[in-house]
Amino acid sequence: MQVPYLYFIPKFYRGGYWTSYDLLNKKFGHKLIGNLCKIFYILLTLVYSGIIVYAPALSLASLDIGLNLYQCCVLTTCVCIFYTSLGGLKAVIWTDVIQSSMMIFGFVLIVVKGFSTFGITPIIEQAKENNLLNLLDPATFMFDIRYRHSFWSIVVGSTFGLWRSEEHTSELQS
């Protein structure tokens, strides 16, 4: 498998581009496209940041420790800013590694506990009753936006959606 950045980084370097927005501005001859992309990226990042602060704050607020949801959002934001500025990027990366490991371990633990408590057969039977195992359903591969979990929304949307734009922008700026 070829690594994509081996192809586009030299092009950006030879062209003297600092960001993908510079490339868009030069390619289209005016700054409108680049500025629109910047605005959409900022909006996307704001929504994403709101979600990643709100989710842990919601779980923290449900602990009944005397803080409401808004106070938990402020607390979560302050803790994230503190450990990021104190430890730098290395602290953030190691925190992500630990969190990812814990999530994978938790998922495996839930699957093992579920299988040991209920057995494999009842779980598969219930999944069949609720049509969760029907991968050959024609609705799975249709382009209808009203169908929530289709192949296109999960695989293609996750691949080229939120994460893709952040990845390219951060690689170009570093």
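These exercises work through the fold, confidence, pocket and cysteines of a predicted model.

Residues are numbered from 1 along each chain as its sequence is written. Local features need pLDDT of at least 70, side-chain atom pairs count only at pLDDT 80 or more, totals for chains, interfaces and linings use all residues, and side-chain values use heavy atoms, without hydrogens and water.

**Exercise 1. Describe the fold.**

Step 1. Count the elements. There are seven helices and zero strands. Helices (H or I, at least four residues) and strands (E, at least two) are DSSP runs, numbered from the N terminus.

Step 2. Read along the sequence. The pattern is α-α-α-α-α-α-α.

Step 3. Check burial. Of the 174 residues, 11% count as buried. Buried means under 20% relative accessible area, exposed over 50%, and partly exposed in between (1.4 Å probe, protein chains only).

**Exercise 2. Judge the confidence.**

Step 1. Take the whole protein. Mean pLDDT, the predictor's confidence in each residue from 0 to 100, is 79. A value of 70 or more is reached by 85% of the residues.

Step 2. Over residues 164-174, pLDDT stays under 50. The model has 18 contacts beyond four places in sequence for this stretch. Contact means heavy atoms within 4.5 Å.

**Exercise 3. Characterise the lining of the largest pocket.**

Step 1. Count the lining. It has 20 residues; Y48, I52, Y83, V92 and D96 lie nearest the pocket centre. On a 1 Å grid over the protein atoms alone, a pocket is an open set of points where a 1.4 Å probe fits, with protein on both sides within 12 Å along at least five of seven lines; lining residues have an atom within 4 Å of a point.

Step 2. Assign helices. α3 (32-61), α4 (69-118) and α7 (162-173) each supply at least two lining residues. α4 gives the largest share, twelve.

**Exercise 4. Look for disulfides.**

Step 1. Apply the rule. A disulfide is a pair of cysteine sulfur atoms within 2.5 Å. The count is zero.

Step 2. C73 is buried at 17% relative accessible area. C37 is partly exposed at 28%.
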